[in-house]
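I opened this notebook to keep track of what I looked up, entry by entry. The entries cover salt bridges, nonpolar cores and a surface patch.

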Amino acid sequence: MKTALFTGTFNPFTIGHADIVERALKIFDQIVIGIGYNPDKGSKEGFMSPEIEERVTQIRKVYENDPRVIVEAYSDLTVDLAERHNAVAIVKGVRSIKDYEYERDQADFNRLLSNGLDTILFYSRPEFSALSSSMVRTLEMFGKDVSRFIPKG
């Protein structure tokens, strides 16, 4: 079985993220969505705060009928998560040059730390290129309806 990781803070998980999962499932047998704890982007309460547990629950609901998708939070290195799941690759989405450069650097370090784990980049579909979790959070903060940006689950 070929397993790939799709990691991020997913705060929140958007339809752009769901699109990457669906496209990756055409290549891999299983996708592990790893919700990483990043104190700069996530909860101020720490790993496995109610906020992170809620993200795990919400994403699991989206994929509750798809046994090919596993959702879990993690607080160690992505390469450690990959090793636990025998992942053959990491998949990431990129919307811009800025995303590409960040993901390239991450891919280089993950390859070095893991003895060769590759990262496969999926370019965002044009209709999702401006969509980001931070933009959705901003819209929510101003009381806007963001339901069209969040997958049903």
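Entry on Asp-66. I looked for the partner of Asp-66 and found a salt bridge to Arg-68, with the closest N and O atoms 2.8 Å apart. The model is a predicted one, and I read every distance with that in mind. I then checked how covered the two residues are. Asp-66 has a relative accessible area of 15%, so I noted it as buried, the cut-off being under 20%. Arg-68 is partly exposed at 34% relative accessibility.

Entry on Arg-84. Here I found a salt bridge with Asp-76, and the closest N and O atoms are 2.6 Å apart. I looked up both ends again. Arg-84 comes out as partly exposed at 47% relative accessibility, and Asp-76 is also partly exposed, at 32%.

Entry on Asp-19. I found that the side chain of Asp-19 meets that of Arg-23 in a salt bridge, at 3.1 Å from N to O. Why are Asp-19 and Arg-23 separated by about one helical turn? I noted that they are 4 residues apart in helix H1, residues 15-24, so about one turn lies between them. Asp-19 counts as buried with 12% relative accessibility, and Arg-23 is buried with 17%. I also saw that Arg-125 joins Asp-19 and Arg-23 in a network of salt bridges. For the whole structure I wrote down 10 salt bridges.

Entry on the cores. I asked which residues touch the most other members of the largest nonpolar core. That core has 23 residues, and the ones I listed are Phe-6, Phe-13, Val-21, Ile-31, Ile-33, Ile-59 and Tyr-63. At least two residues of this core come from each of strand E1 (3-8), H1, strand E2 (30-36), helix H2 (50-62), strand E3 (69-74) and strand E4 (89-94). H1 gives the most, with 4 residues. I took Phe-6 for a closer look. Neighbours within four places in sequence left aside, Phe-6 has contacts that include Phe-13, His-17, Ile-20, Val-21, Ile-31 and Val-91. I also noted a second, separate core of 8 residues, among them Val-32, Ala-82, Ile-90 and Leu-117.

Entry on the surface. I looked up a nonpolar patch there and found Leu-77, Phe-109, Leu-112 and Leu-113, with about 470 Å² of accessible area together. Is Leu-113 buried or exposed? I noted it as exposed, with a relative accessible area of 53%. Leu-113 belongs to helix H4, residues 97-114.

Key:
Residues are numbered from 1 along each chain as its sequence is written. This is a predicted model: local features need pLDDT of at least 70, side-chain atom pairs count only at pLDDT 80 or more; totals for chains, interfaces and linings use all residues. Side-chain values use heavy atoms; hydrogens and water are left out. Patches are made of residues with over 30% relative accessible area and no salt bridge: like charges are joined within 9 Å, nonpolar side chains (Val, Leu, Ile, Met, Phe, Trp, Tyr) within 5 Å. Accessible areas come from the Shrake-Rupley method with a 1.4 Å probe; for residues, only the protein chains shown count as cover. A salt bridge is a side-chain nitrogen of Lys or Arg within 4 Å of a carboxyl oxygen of Asp or Glu. Buried means under 20% relative accessible area, exposed over 50%, partly exposed in between (1.4 Å probe, protein chains only). A nonpolar core is a set of buried Ala, Val, Leu, Ile, Met, Phe, Trp, Tyr and Cys residues joined through side-chain atoms within 4.5 Å. Contact means heavy atoms within 4.5 Å.
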